[in-house]
Amino acid sequence: MNKKTGLYRNINPSTDNWLSAATGVAGVRYQIVIRMDNAAVKLVIEKYKTKQNKEVFDYLYAKKDEIEGLFENKINWRRMDNHISSRIEHDIEGCGLKDESTWKQGYKLIAERLIQWDKAFRPHFDEIRKM
């Protein structure tokens, strides 16, 4: 993945089924999750205060059409009003831990989607930093 994007360059391998990477915005991070039957890329909004998280989510949701247009794939917008944090996610089918034959292609899919994900969200980070 480091050949395609530097987002995970300083992240060590792990036995967990997820990896997080900094976005440059405090309390906002990228996350890759690999499940038994699929994978996901996420934007985790987890600042110290619920109100801040919901403001960041609402700002991004107001840009939904632009973000989804750049990403070109289905995005799940999860404000999660009963939780402190919020999540924005994209599920990646065709790869998972259960079927080892999907791992090589899954790695490529995850890397490609993560690059698209970053291109769709990064233009908004300067504004989010001001919040």
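The model is predicted, so local features need pLDDT of at least 70 and side-chain atom pairs count only at pLDDT 80 or more, while totals for chains, interfaces and linings use all residues. Residues are numbered from 1 along each chain as its sequence is written, and side-chain values use heavy atoms, leaving out hydrogens and water. Helices (H or I, at least four residues) and strands (E, at least two) are DSSP runs, numbered from the N terminus.

**Helix H3**

- Helix H3 has 19 residues, 103-121.
- At 1.5 Å a residue, H3 should span 27 Å; the expected span is 1.5 Å times one less than the number of residues.
- The end C-alpha atoms of H3 are 26 Å apart, which agrees.
- Buried residues (under 20% relative accessible area; exposed is over 50%, partly exposed in between; 1.4 Å probe, protein chains only) in H3 include Gly106, Leu109, Trp117 and Phe121.

- A salt bridge is a side-chain nitrogen of Lys or Arg within 4 Å of a carboxyl oxygen of Asp or Glu. The count is 12 salt bridges.
- One of them joins aspartate 91 and arginine 35, at 3.2 Å from N to O. Aspartate 91 lies in strand S5 (residues 86-92) and arginine 35 in the loop between strands S2 (28-34) and S3 (39-45), so the pair ties together parts 56 residues apart in sequence.
- Aspartate 91 is partly exposed at 29%, and arginine 35 is partly exposed at 27%.
- Lysine 98 and aspartate 37 also meet in a salt bridge, at 2.9 Å from N to O. Lysine 98 lies in the loop between S5 and H3 and aspartate 37 in the loop between S2 and S3, so this pair ties together parts 61 residues apart in sequence.
- Lysine 98 is exposed, at 55%.

- Aspartate 126 pairs with arginine 129 in a salt bridge, their closest N and O atoms being 2.5 Å apart.
- Both lie in helix H4 (residues 125-129), three residues apart, about one turn of the helix.
- Aspartate 126 is exposed at 52%, whereas arginine 129 is partly exposed at 40%.

**A salt-bridge network**

**A nonpolar surface patch**

- Met36, Leu97 and Trp103 make a nonpolar surface patch of about 300 Å². Accessible areas come from the Shrake-Rupley method with a 1.4 Å probe; for residues, only the protein chains shown count as cover.
- Patch residues have over 30% relative accessible area and no salt bridge; like charges are joined within 9 Å, nonpolar side chains (Val, Leu, Ile, Met, Phe, Trp, Tyr) within 5 Å.
- Tryptophan 103 lies in helix H3 and is partly exposed at 41%.
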